[in-house]
Amino acid sequence: MTTDWQTRFADLLAGNHSSTGDPVDAGAQLVVSEPGGTEVFRQPLARHFRAEPEPDQLIWIRPLVGGQTSPDLGFVFNLNQTRRRALEWTEVHLDDNGDVIMQLRSGETARIQPAEGEALAKLEHWDDFLNRLTREEEQQLAALEGDSWHGQFS
């Protein structure tokens with residue numbers, strides 16, 4: 001059974017909240033805060049995720065860390081740096097803005113919200129970067145099953 005927050009989570013990552021109607025004009029970012037409210041992490045998220053089946057309260061995501069411009073290839077990511085990460089949550093709800101708020105087992109709070117500014121620009125770089133991968137490589141990334149990458153862009 002899909003809940004409202006799960007639908008919103010998937011829509012944010014997919015860019016289904018775009019004001020232009022084009023999903024590539026929108027995406028999501030992850031903001032993690034310590035229990036006192038201090039922000040400790042902020043990165044855009046790749047457009048794929050994997051939720052573990054119930055009763056696990058675990059979602060796999062891919063924060064888009066790093067990346068640089070290559071004179072020959074344009075903007076590229078090192079896929080060993082842009083690894084999958086797990087959000088292990090105890091409680092999830094939507095706030096008044098439609099952001100997904102997760103209380104994590106670590107005591108931190110994760111907010112998944114629309115990407116903007118530099119985060120949205122990095123997500124656009126990611127979308128372009130994916131065009132350089134083979135179909136099999138892209139499927140492997142989207143599966144969110146491996147912790148390391150071998151070969152191209154490692």
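Predicted model: local features only at pLDDT ≥ 70, side-chain atom pairs only at ≥ 80, totals over all residues.
Welcome! Residues are numbered from 1 along each chain as its sequence is written, and side-chain values use heavy atoms, with hydrogens and water left out.

**Aromatic residues**

- Phe153 belongs to one aromatic cluster together with Phe75, Phe77, Trp126 and Phe129.
- A pair of aromatic rings is described by how far apart the centres are and by the angle of the planes.
- Searching the whole structure gives 7 aromatic pairs (rings of Phe, Tyr and Trp, the last by its six-membered ring, with centres within 6.5 Å; planes under 30 degrees apart are stacked, over 60 edge-to-face and the rest tilted).
- One of them is the edge-to-face pair of Phe77 and Trp126, at 5.1 Å centre to centre and 80° between the planes.
- Phe77 sits in the loop between strand S6 (74-76) and strand S7 (85-94), while Trp126 is in helix H2 (residues 117-130), so this pair ties together parts that are 49 residues apart in sequence.
- Both partners are buried: Phe77 has 2% relative accessibility, and Trp126 has a relative accessible area of 1%.
- Phe129 and Phe153 also make an edge-to-face pair, because their ring centres are 4.8 Å apart and their planes stand at 70°.
- That pair links distant parts of the chain, with Phe129 in helix H2 and Phe153 in the segment after helix H3 (135-143), 24 residues apart.
- Phe129 is buried, with a relative accessible area of 0%.
- Elsewhere, Arg84 lies over the face of Trp60, 3.8 Å from the ring centre (the rule asks for NZ of Lys or CZ of Arg within 6 Å of the ring centre and within 35 degrees of the ring normal).

**Thr82 and its surroundings**

- Thr82 is found in the loop between S6 and S7, and at 0% relative accessibility Thr82 is buried.
- Leaving aside residues up to four places away in sequence, Thr82 touches Arg62, Pro63, Leu64, Val65, Phe77 and Trp126 (contact means heavy atoms within 4.5 Å).
- Thr82 and Leu141 are 59 residues apart in sequence, with 9.9 Å from C-alpha to C-alpha.

**Helices, strands and the sheet**

- The protein has 3 helices and 9 strands (DSSP runs numbered from the N terminus: H or I of at least four residues for helices, E of at least two for strands).
- Starting at the N terminus, the elements run α-β-β-β-β-β-β-β-β-β-α-α.
- An open sheet of 7 strands, paired antiparallel, has the order S2-S1-S9-S8-S7-S4-S3 (two strands pair if DSSP finds at least two bridges between them).
- Strand S2 (39-45) and strand S3 (50-51) stand at the edges with a single partner strand each, so one side of each has no neighbour in the sheet.
- S3 and strand S4 (residues 58-61) run antiparallel and are joined by 2 bridges; Ala51 has Ile59 in S4 as its bridge partner.

**The protein as a whole**

- Buried residues make up 40% of the 154 residues.
- The C-alpha trace spans about 45 × 35 × 35 Å along its principal axes.

Methods
Buried < 20%, exposed > 50% of the residue type's maximum accessible area, 1.4 Å probe, protein only.
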